[in-house]
Amino acid sequence: MKMTFRWYGENSDAVSLKQIKQIPGMSGLMGFLDYKAAGEVWTEEEIKSYIDGVHAAGLECEVIESVNVHEDIKMGLPSRDEYIANYITTIRNLAKYGVKVIIYNFMPVFDWLRTDLARVIPEDGSNSLYFDEKDLGDMGPMEIVKNTIENSNGFSLPGWEPERLGELEKTLKAYEGMTPDKLRENYKYFLDAIIPVCEEVGVRMACHPDDPAWPIFGLPRIAHTVEQFDMICDLHDSPANALCLCTGSLGSNPDNDIPAAVRHFGEKNRIAAMHVRNIKYLGHHHFREASHLSCEGDLDLFEIMKAVYDTCPDTYIRPDHGRMIWDEVGRPGYGLYDRALGATYLNGLWEAIEKMSK
Ligand code: DNO
């Protein structure tokens, strides 16, 4: 297992590489070029300059996150071939600089979605990301976008880039009539084109689950249950067609048994990366994010880490979203303190599991 941290780049992150390096047991990053629009090639120069900076700080960069898939690929439009060709160039460029895993998602229009980015947790005054489907009912897609961008403390949020969402109304219209089967068919077309290249250059694609783990705004979503991920694995049968098992995204639906899901896909050699965090259920389609500790949420982090240890011990892990604590102001979900505590806790669980298993 390699413990990693998400970082947005020198000018885009309130957290510095030096701070990340000082978190005990941190091997490297899940890196991100946050200024790249979906469909654009990530050039060698851009990748080299980002990764050189990471290496200079004594950290590795074997995982890159959010190489976003252009909507035309998801919609299966004729222009998709050009965007797929760009995607392939990006895969080749990343591989040249030592990247081994690329995390992406295949969610139409929206990446993750919350109805409140800073919900105060009454017990201790910290705040965290929060979702209540009842609030969505009154909001509608345009409002939620405005709300999310305005409440992100001046930071751009991954998946919520203003230019991508600028054409929101048009894009939502274009998805009308899209069925899950049609979306899966377009997904297969994409995987059939890119996975052979990944095999050639030694990169694994890691699909991130829908977050939250159910369809929203009537858009089809096809990556939020074990059965659906089995179908994704079957679309192109290769270890390079893998998952980023995000415990909090998949776990937002209490019907998903996360330790069992880790074992299922770990045994199939289909977990290339993990996002690990906890969730507190508040009702139907209603939850908030909790600190990482098992006793503070509804997921059993010991059982999750044990399943990783037993079935995919070489995977990359990052503590996922943290709460905002100790008056930190930063990108919602991506402050320093609570994620550092999360990493330390997960490393502690790992050491205990490792020693008990010997
Ligand atoms: C949210 C993240 C996601 C993830 C993408 C991968 O906080 O976990 O934005 O990076 O879905 O493409």
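Trainee: How far does a polar side-chain atom of Asn105 lie from an oxygen atom of the ligand?
Mentor: That distance is 3.0 Å. A polar contact here is a pair of N or O atoms within 3.5 Å. Keep in mind that this is a predicted model, where local features need pLDDT of at least 70, side-chain atom pairs count only at pLDDT 80 or more, and totals for chains, interfaces and linings use all residues. Residues are numbered from 1 along each chain as its sequence is written, and side-chain values use heavy atoms, with hydrogens and water left out.

Trainee: And what about Asp111 and His321, how far from a ligand oxygen are their polar side-chain atoms?
Mentor: For Asp111 it's 2.8 Å, and for His321 it's 2.6 Å.

Trainee: How much of the ligand does the protein bury?
Mentor: Taken alone the ligand exposes 330 Å², and 99% of that gets buried by the protein. Those areas come from the Shrake-Rupley method with a 1.4 Å probe.

Trainee: Switching topic, how many residues line the second largest pocket?
Mentor: There are 16, with Gly9, Glu10, Leu33, Tyr35 and Tyr50 nearest its centre. By class, that lining has eight nonpolar, five polar and three charged residues.

Note on methods:
A polar contact is a pair of N or O atoms within 3.5 Å; within protein, one must be able to donate a hydrogen and the other to accept it, and residues adjacent in sequence count only if both atoms are side-chain atoms. On a 1 Å grid over the protein atoms alone, a cavity is a set of points where a 1.4 Å probe fits but cannot get out, and a pocket is an open set with protein on both sides within 12 Å along at least five of seven lines; lining residues have an atom within 4 Å of a point. Ala, Val, Leu, Ile, Met, Phe, Trp, Tyr, Cys and Pro count as nonpolar, Asp, Glu, Lys and Arg as charged, and the others, Gly among them, as polar.
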